[in-house]
Amino acid sequence: MKWVYLIAGIVAFFKILLLPNPAPQLSFSIVEAIVQDSGVINAVSGVIFRNRLYDTIFEVIVFTIAIMGAHFLLANDPLPSKIHQFTDPPSQLLARLGATISALVGIELAIRGHLSPGGGFAAGVAGGTAIGLIAMTSSPARMQEVYQRWQAATWEKVAVLVFIVLSVLTLIGFELSQGQLGSLLSGGMIPILNILVAIKVALGAWSVILTFIRYRGLL
């Protein structure tokens with residue numbers, strides 16, 4: 001019986017490899033249809049924040065649960081006696097230069113992600129990368145103090161809640177004006193959702209980075 005399954009798997013593998021499924025004959029372009037339906041040039045943003053918005057909501061929730069899980073799993077670990085930092089001037093200069101560039105890219109992706117390649121998730125990753133580079137060359141106590149002073153944890157939760165509320169409103173049919181296709185204010189709710197996701201991912205990455213540095217150090 002095992003040989004039957006093995007042969008069937010090999011046949012299916014070569015069928016997929018050598019005999020691809022024929023492309024459907026459609027009278028319209030799927031990408032153009034998504035662009036017209038969503039009102040944004042970046043069809044990927046249109047899919048993420050409109051056609052499959054229900055999935056995106058739970059992706060954001062899963063990311064939030066992952067952050068909570070990192071805090072929960074590391075909370076009982078012993079704190080390291082010393083946290084090594086990059087203290088040489090060349091490393092500090094390069095890290096901070098990279099952080100500046102990454103932060104600017106993140107802002108660009110968050111604001112114009114519906115008009116060009118990018119979007120909220122990519123913007124959040126760029127912002128988290130900037131924070132990580134700064135954390136490599138800064139005092140952990142200083143980073144924690146800034147995190148608490150600006151109430152980053154609260155803003156992260158607010159971004160998640162507002163994103164979920166606006167997403168539910170979109171799913172039940174409430175929509176903003178799509179505006180002129182290709183303009184900065186086009187896409188209705190999509191640019192707002194992009195920015196909220198960018199804030200949530202960047203602040204969540206900041207929280208996780210601080211947690212890992214506090215309990216595991218940099219090395």
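Start at A152, which touches Y147, L203 and W206, leaving aside residues up to four places away in sequence. This is a predicted model. A152 sits in helix α8. At 3% relative accessibility, A152 counts as buried, because buried means under 20%. One of the contacts of A152 spans a stretch of chain: A152 and L203 are 51 residues apart in sequence, yet their C-alpha atoms are separated by 6.3 Å.

Confidence comes next. The chain has a mean pLDDT of 88. Of its residues, 96% reach 70 or more. Helix α8, residues 152-171, has the highest confidence in the chain, at a mean of 94. The lowest is in helix α1, residues 2-18, at 77.

Now step back along the chain from A152. Q151 lies in the loop between α7 and α8. Its phi is positive, near 55°, and Q151 is not a glycine.

The crossing of α7 past α9 is left-handed. Which residues make the contact? From α7 come P140, M143, Q144, V146 and Y147. From α9 come L203, W206, S207, L210 and I213. The residues of this contact comprise eight nonpolar and two polar, with no charged ones. An α-helix has 3.6 residues a turn, so residues three or four places apart point the same way. The α7 set includes P140, M143 and Y147. The α9 set includes L203, W206 and L210.

Three names return from the opening. Y147, in the α7 side of the contact, also touches A152. L203 and W206, in the α9 side, touch A152 as well.

R142 also lies in helix α7. At 47% relative accessibility, R142 counts as partly exposed, because its value lies between 20% and 50%. R142 and L18 are 124 residues apart in sequence. In space, their C-alpha atoms are 58 Å apart.

Follow α9 itself. How does the span of its 27 residues compare with expectation? At 1.5 Å a residue, α9 should span 39 Å, and its end C-alpha atoms are 38 Å apart, which agrees. The helix is mostly covered, with 19 of its 27 residues buried. After α9 comes G217, whose phi is positive, near 75°.

T56 is found in helix α4, residues 53-74. T56 is buried, because its relative accessible area is 0% and the limit is 20%. Not counting residues up to four places away in sequence, T56 touches I48, F49, F121 and F163.

L94 is placed in helix α5, residues 89-112. At 59% relative accessibility, L94 counts as exposed, because the cut-off is over 50%. L94 and L169 are 75 residues apart along the chain, and their C-alpha atoms are separated by 44 Å.

How values were computed:
Residues numbered from 1 in each chain as written. Predicted model: local features only at pLDDT ≥ 70, side-chain atom pairs only at ≥ 80, totals over all residues. Heavy atoms only, no water. pLDDT = per-residue confidence, 0-100. Helix = DSSP H or I, 4+ residues; strand = E, 2+ residues; numbered from the N terminus. Left-handed = near helix turned anticlockwise from the far one by under 90°. Contact = heavy atoms within 4.5 Å. Nonpolar A, V, L, I, M, F, W, Y, C, P; charged D, E, K, R; others polar. Buried < 20%, exposed > 50% of the residue type's maximum accessible area, 1.4 Å probe, protein only. Expected span 1.5 Å × (residues − 1).
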